[in-house]
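Q: Hi! Could you walk me through this model?
A: Happy to, let's have a look at it together.

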Amino acid sequence: MRLTLNNNPIRYLKSSSFQPLKFLLSLEMTDCQMEVIEDDAFNGLESLEWLKLDKNRLLNIKGSNILPDKLNGIALHSNPWQCDCRLVDFRDWMVKYKIPQTVEPKCNSPVRLRGRLINSLEPNELACLPDVTPTTLYLEIAEGKNVSLLCRVSAIPEAKVSWWFQGTILQNDSMVAPGLHLYYFVEEGGLEKKSELFIFNTNIDDNG
């Protein structure tokens, strides 16, 4: 059994959209202006062998159970794929199941990856701008006291956090003078990371 929905304005494909069609062998949705596919959208298509989703408006496909994994062939090319952290699930699906493609899908953005085959990318190339959240932008403290500064960073892949002061990177346990002024920072977490800088025996030179 074959179902052809080409050129229909189907922008949003909801979960279990085809669940009653367990004997469907071929599903074509080319040029449907599709933008979003929910997880489990193809749930119930136990017999599906061919799936065409080419020439749509898909930027990414997120989720662990979106596309069928027992297909004989699939068409996903000519979509404006945005190759960042939101495409990791899709890239992993392609690499794991190696289902034959009519044309291998390529990145449309960002510029540094445009034209690259998605299944040729390393996971750490699929990056998003990190979300950096300092706990405070201004802190007032008496000279000679100790102070700590906390910064939270959410990033895929895992971010590397460093602390800078007046154009110089701070090294852990760095000391201005023996026993007088010490910088120390601790870090924990992975994709959701927390980094905290401790300054002991602050002085006016720490202002900035």
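Q: Which residues does Leu25 touch, not counting those up to four places away in sequence?
A: Leu25 touches Met1, Ser47, Leu48, Glu49 and Trp50, where contact means heavy atoms within 4.5 Å. This is a predicted model, where local features need pLDDT of at least 70, side-chain atom pairs count only at pLDDT 80 or more, and totals for chains, interfaces and linings use all residues. Residues are numbered from 1 along each chain as its sequence is written, and side-chain values use heavy atoms, with hydrogens and water left out.

Q: Is Leu25 buried, partly exposed or exposed?
A: Leu25 counts as partly exposed because its relative accessibility is 35%; buried is under 20% relative accessible area, exposed is over 50%, and partly exposed is in between (1.4 Å probe, protein chains only).

Q: Switching topic, what does the side chain of Glu196 make a polar contact with?
A: The side chain of Ser148, at 3.2 Å. A polar contact is a pair of N or O atoms within 3.5 Å; within protein, one must be able to donate a hydrogen and the other to accept it, and residues adjacent in sequence count only if both atoms are side-chain atoms.

Q: And what are the domains of the chain?
A: The domain assignment, which is automatic or from a database, gives domain 1 (1-126) and domain 2 (131-206). Their C-alpha centres lie 44 Å apart.

Q: What pLDDT does the chain average?
A: The average is 86, and 90% of the residues score at least 70; pLDDT is the predictor's confidence in each residue, from 0 to 100.
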